[in-house]
Amino acid sequence: MSPTAYFFQQFLNALSLGSIYALVTIGLAMVFSILRLINFAHGDLMMIGSYAILMIWDAGAPGWVAILAGVAISGVAGIIMERVCYRPLRGSAEMTTLLTSFAVVVLLENGAILLFGPNTRPFGILNFSHPTFSIYSTLISKIDVVTVILTLTILLLTALFIKRTTMGIAMRAVADDLTASHLVGIHLNRVIVSAFFIGSLFAGLAGLLWSARAGKIYPLMGFIPVVKAFVAAVIGGFGSIPGAVIGGYVLGFAEVFLIALLPPDFQGYRDAFVFVLLIFILLIRPQGILGAKAMERRI
Amino acid sequence: MLQVTGLEVFYGNIQALHGVSFRVAAGETVTIIGSNGAGKSTTLMAIAGLLKPRKGQIKYCGRQVEKLSAYQTVRLGISLCPEGRRIFASLSVHENLTMGAVQRRDRKAVRADIDWVLSLFPDLKSRLEQSGGTLSGGQQQMLAIGRALMSRPKLLILDEPSLGLAPVLVNQIFNVIAALKNENTTVLLVEQNARRALEIADRGYVIETGRITLEGPSAALKNNERVKNAYLGG
């Protein structure tokens, strides 16, 4: 394979991985910008969505029905998570809600192990019969193309939503000044529920793409992506939604090209590189690429 | 229109209001004057639903509202323009005004009201797409008042609208309050600029360490020796 073809292959690979990271990170950032809550259980919504899709599909539903229903279930699961786990703690210290999110992780992951068993299951949806095609001797996998197109569409819609709709503006208003948003009459719970719902839908979708890429699912599958999304959020500037997108893609590219450029012996250290990157960013620019405001206690 | 009776508000264990009572009739402009820490802002925040009083009643248009949240009091027509402006710094001027009307569904009327606010504060007209944080202090105050007006309140509450502004801008702000008064808007005004406040208000209250200590028509308060010495600079 020519170096150019190899480069393009890796480029698409990175774009696809970065897209998934961006999708996961948006949800993390949306909730954080409003509640100052880092919801580590966000990754488990990917797991819930993927299991839901697989089970509905196994029950005989057509693939697209399973996908829509599974993603919707993930969204609803996010709303329930907010209502049951986080709303009772509204107003408590950030450390409390952060620790609670770890408790939710333990609960959901062990619940999934009990319910579905600890083993991996093959995930056959979006598993195209011809998974790759080639253009000018560049091998292109279909799941990457689907991932990139789908994500870019969603990013565009999200940008429009945040920029144009009353709810989108209200989300930015709450992130800006909580007291003032109360005073103008913003119904805070509605904004919070919307943020959880949208973020969780995206998590469900990211779960689908992640699982289709891996070809398998397992109860603990949400852990790595949520930690990566955390890193991406730090890279982009925690709480900033454009930052979440940028952070997601930066991380995707950094990961793929580090592996592509380094000798094969180092490939096992892929995740280690990510965390070294995190440490560097925390040292050099802790507010991230687009972050400006210091973290402070809200709500 | 507004009747506050025996209001007691605590911050933790510290009592900020010790039974504050006053009333505002429809169409009236009423001012509360007092020094820093006397409890002016606390009173206003309790009315707006940001703070829950431990004791006392707030009756507004015949309803008990002391247990309501801010979004509910806004729905009933109470709008508080807070001290320190608190505009949304990363939102554009236009978006700030839109958020002032966040509960309204009559889009056409909202658009008309944005034009109305811009006619009250022409300085904002050319800055609609600028983000709030880039405005000068005076423009931010205008935006804050404009945003508070966007909910079309029956009761407009202004907390220190002239604080930290140059005299020219103070005049401009008070001219707008006068204009709103002429349109029969009910205004509750808290000001450290007691002289200007008493000039524009129909009636006034003096609050000291969480208690109302004096009340009366503005003209009477202006000539009161205690008010003169304490708030009007002798």
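In which sense do strand 1 and strand 4 of chain B pair, and over how many bridges? Strand 1 (residues 2–11) and strand 4 (residues 55–60) of chain B pair in the antiparallel sense over 5 bridges. This is a predicted model, in which local features need pLDDT of at least 70 and side-chain atom pairs count only at pLDDT 80 or more, while totals for chains, interfaces and linings use all residues. Residues are numbered from 1 along each chain as its sequence is written, and chains are lettered from A in the order in which they are written.

**The sheet of chain B**
- Chain B holds an open sheet of 4 strands in the order 2-1-4-5, with antiparallel pairing (strands are DSSP runs of E of at least two residues, helices runs of H or I of at least four, numbered from the N terminus; two strands pair if DSSP finds at least two bridges between them).
- Strand 2 (14–24) and strand 5 (63–64) of chain B each have a single partner strand, so one side of each is left without a neighbour in the sheet.
- B:Thr5 has B:Gln57 of strand 4 of chain B as its bridge partner.

**Two helices of chain A**
- The axes of helix 3 (residues 63–86) and helix 8 (residues 188–214) of chain A come within 7 Å and cross at roughly 140° (axes are lines fitted to C-alpha atoms, for helices over the stretch in contact, and angles run from 0 to 180 degrees between N-to-C directions).

**Where the chains meet**
- 21 residues of chain B are in contact with 15 residues of chain A (C-beta atoms, placed from the backbone, within 7 Å).
- Helix 2 (70–75) and helix 3 (93–100) of chain B are the elements that give two or more residues to the side touching chain A.

Definitions and conventions. Two residues are in contact if their C-beta atoms, placed from the backbone, lie within 7 Å.
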